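Let's take a friendly walk through a protein model together. Keep the structure open beside the text, and look up each residue as we come to it.

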Amino acid sequence: MKSIKLLLNSGFLVFTLFVSAQNKNEITIESLLKEMVNRDAVARFPTTNFRLKQESSYNRVSKTPEESKAWYNNHDYNSNEKDHNFIRTEEKNGVKEWVLMDHVGPGVVVRTWMPFLKPDRPDTDIQIKIYLDGSTEPVLEGNMLGLLDGTGLIPFPLAHQSLRSAVSFFPIPYAKSCKITTTAMPFFYQFTYRAYDAYTPIKTFTKEGFNKAISLTKEVGELLLAPKNTEKGEALVCSATLKPNKEKSVKLPKGNAAVRELSLKLDDYTNAELTRTVVLKMEFDGEPTVWCPIGDFFGSGIGLHPFEGWYRTVSEDGTMTCRWVMPYQKSGKISVLNLSATSVNINLKAVIGTWKWDSESMYFNAAWKGQYPVATRPFSDWNYITLKGRGVYVGDALTVMNPVAKWWGEGDERIYVDGEDFPSIFGTGTEDYYAYSWGGKSTDFYEHPFHAQPRSFVYNKLNRKTTKEKSTLGYSTETRTRALDGMPFSSSLKLDMEIWSWTDCEMGYGVGMYWYGDKQTTSNRVPNKKEVINVPPLPKEITELLKSNK
């Protein structure tokens with residue numbers, strides 16, 4: 001009996017220690033908010049395993065690329081009773097509800113996107129309900145747009161109204177399950193969430209917990225809107241004149257460290273193509289990790305187009321800054337390569353701070369893909385990037401050249417992780433991926449800490465849209481960076497963007513991609529000097545309009 005009692009006591013002690021360890025690593029609203037503004041966190045592989053997944057209104061006829069007619073069917077919304085681009089319907093107390101998400105297991109909703117039902121009316125009578133852990137009563141309930149656009153319970157900028165869309169990044173954690181419904185047929189929608197391993201300790205979202213985190217929520221919001229580098233470090237400064245096909249390099253201090261901030265400024269942006277033909281290169285611990293035109297790296301696209309985000313800022317004076325944390329163990333080098341036909345003057349500054357390298361530390365990477373022309377018929381999936389190994393995908397910046405006025409961006413993102421046969425992220429449109437909607441009408445500048453449209457048609461931050469024209473001619477630049485919605489992968493990640501324009505034409509595409517990975521992680525992107533200088537020409541209508549505006 002004594003030995004049994006001792007065994008039980010020992011078991012209780014082990015259980016207590018296990019629970020104590022779990023509680024220490026418990027995922028909560030507070031821990032997620034702090035992670036959102038912790039740039040060091042994205043440079044380490046998550047210690048608590050999860051995969052990013054998404055529920056959306058993608059067309060359910062899409063099964064496989066081999067069935068091309070169904071795969072490229074663009075009816076990825078619900079407009080009448082014949083549409084079933086949602087999970088199912090339920091009836092509760094005689095009231096019908098449409099189920100948009102139904103995840104069983106621990107998780108966190110980290111991004112929501114829903115567009116206006118009508119392009120010029122940010123209102124709706126539809127109610128949204130969020131049920132957690134099997135509860136029959138919703139923990140969150142309200143207007144489908146108002147609850148998630150920064151005008152309701154969730155404050156700006158964690159939720160906000162982008163161009164004709166309600167977007168929220170406020171984390172909604174749950175220990176057992178999450179079901180999201182609406183009281184009427186949904187239009188378009190996306191709910192992106194982290195799916196954790198079973199038994200992951202998570203403290204489920206409650207109104208009480210939300211209220212307790214109000215001060216932290218405010219603090220995080222203020223940080224997101226004032227995205228400065230607060231880490232001290234050694235500043236390396238370099239100014240140089242680069243002749244055509246020449247480059248300038250700066251060696252970083254030896255030893256365990258990290259680039260905390262990097263800024264680059266050209267002395268003249270009159271030639272908009274310089275942001276495409278001047279290339280940023282980096283290598284860490286003897287391996288090349290960055291090769292990307294500066295416009296695509298900093299999110300400006302072709303030309304100087306100011307905007308501010310959490311990881312990058314492009315200033316009106318021409319200074320382009322990034323705040324990605326870039327750790328290394330022994331050595332590093334930053335280079336600027338001039339592939340243009342003229343000399344350029346550059347001013348480079350890097351702030352190097354401390355870093356403690358461990359088994360979860362990863363290298364920052366950025367690569368570029370460009371292609372002109374890109375045929376819009378037949379419809380196709382344009383591969384941004386394919387990665388092999390372990391890492392976390394953290395963002396991209398897309399610049400397109402559209403030779404016609406009609407909308408170009410109906411194509412869906414399809415993201416496959418760790419060898420999936422069917423993408424766990426299946427979107428509803430290119431502009432939806434970049435967090436806005438009604439693309440043909442939304443040709444205006446907008447910015448947010450995690451996404452922006454720095455340029456569309458002839459508009460940018462310094463030249464805002466004042467009319468209702470719908471032309472999408474010329475260059476458009478869209479960018480999205482990730483914090484809580486970063487995408488971890490253990491063996492592979494493949495990101496395709498569907499080419500779906502309303503016009504049979506030839507477009508230009510260029511995209512910069514950002515990810516963290518182990519030294520052994522590889523990509524299918526290689527330096528492509530030939531395509532860098534193959535800058536897609538603007539349509540004559542745009543060049544004439546730009547001349548008349550000067």
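The mean pLDDT of the protein chain is 94, and 95% of its residues reach 70 or more. Residues 1-22 are another matter: their pLDDT is below 50, and beyond near neighbours in sequence this stretch has two contacts in the model. Where pLDDT is low, the predicted coordinates should not be read in detail.

## A five-strand sheet, β2 to β6

Try to find an open sheet built from five strands in the order β2-β3-β10-β5-β6, with antiparallel pairing. At its edges are β2 (88-92) and β6 (140-143), each of which pairs on one side only. On average, neighbouring strands of this sheet are turned by 30° against each other, direction ignored.

Strand β5 (residues 127-132) is joined to β6 by four bridges in the antiparallel sense. Which residue of β6 is the bridge partner of Ile128? The partner is Gly142. As a general point, strands of a sheet pair through backbone hydrogen bonds, either parallel or antiparallel.

Is Asp149 buried or exposed? Asp149 has a relative accessible area of 6%, and because the cut-off for buried is under 20%, it counts as buried. Setting aside neighbours within four places in sequence, Asp149 is in contact with Ala159, His160, Gln161 and Ala166. For one of these, Gln161, the C-alpha atom is separated from that of Asp149 by 4.9 Å, although the two residues are 12 apart along the chain.

Pro157 lies in this loop between β6 and β7 too. The peptide bond from Phe156 to Pro157 is cis, with omega near 5°.

## A helix with a buried face

Now turn to helix α2 (residues 29-36), whose buried residues are Ile29, Leu32, Leu33 and Met36. Seen down the axis of α2, these residues fall within an arc of 100°, so they line one face of the helix.

What covers the buried residues of α2? The cover includes the strands β4 (107-115), β9 (172-174) and β11 (190-196), along with the helices α4 (207-212) and α5 (214-225).

Strand β14 (residues 257-266) runs antiparallel to β19, joined by four bridges, and Leu264 stands opposite Met320. Strand β18 (residues 312-314) also pairs with β19 in the antiparallel sense, over three bridges, with Thr313 opposite Thr321. β18 and β19 form a hairpin with four residues between them, and Gly318 in the turn has a positive phi of about 100°.

## Another open sheet

Five strands in the order β27-β26-β32-β24-β34 make up an open sheet with antiparallel pairing. The edges are β27 (425-426) and β34 (522-523); each has a single partner strand, so one side of each is left without a neighbour in the sheet. Within the sheet, eight bridges join β24 (residues 380-388) to β32 (residues 492-499), and Trp382 has Met497 in β32 as its bridge partner.

The loop between β23 (363-375) and β24 contains Pro378. A cis peptide bond joins Arg377 to Pro378, with omega about -5°.

## A buried arginine

Our last stop is Arg482, in the loop between β30 (474-481) and β31 (487-489). Arg482 is buried, with a relative accessible area of 2%. What does its side chain reach? The side chain of Arg482 makes a polar contact with the side chain of Tyr433 at 3.2 Å, and it reaches the backbone oxygen of Asp485 at 2.8 Å. Leaving aside neighbours within four places in sequence, the residues in contact with Arg482 include Val42, Leu52, Tyr311, Tyr393 and Met487.

Definitions and conventions: Residues are numbered from 1 along each chain as its sequence is written. This is a predicted model: local features need pLDDT of at least 70, side-chain atom pairs count only at pLDDT 80 or more; totals for chains, interfaces and linings use all residues. Side-chain values use heavy atoms; hydrogens and water are left out. pLDDT is the predictor's confidence in each residue, from 0 to 100. Contact means heavy atoms within 4.5 Å. Two strands pair if DSSP finds at least two bridges between them. Helices (H or I, at least four residues) and strands (E, at least two) are DSSP runs, numbered from the N terminus. Axes are lines fitted to C-alpha atoms, for helices over the stretch in contact, and angles run from 0 to 180 degrees between N-to-C directions. Buried means under 20% relative accessible area, exposed over 50%, partly exposed in between (1.4 Å probe, protein chains only). A polar contact is a pair of N or O atoms within 3.5 Å; within protein, one must be able to donate a hydrogen and the other to accept it, and residues adjacent in sequence count only if both atoms are side-chain atoms. The arc is that of the directions from the helix axis to the C-beta atoms.
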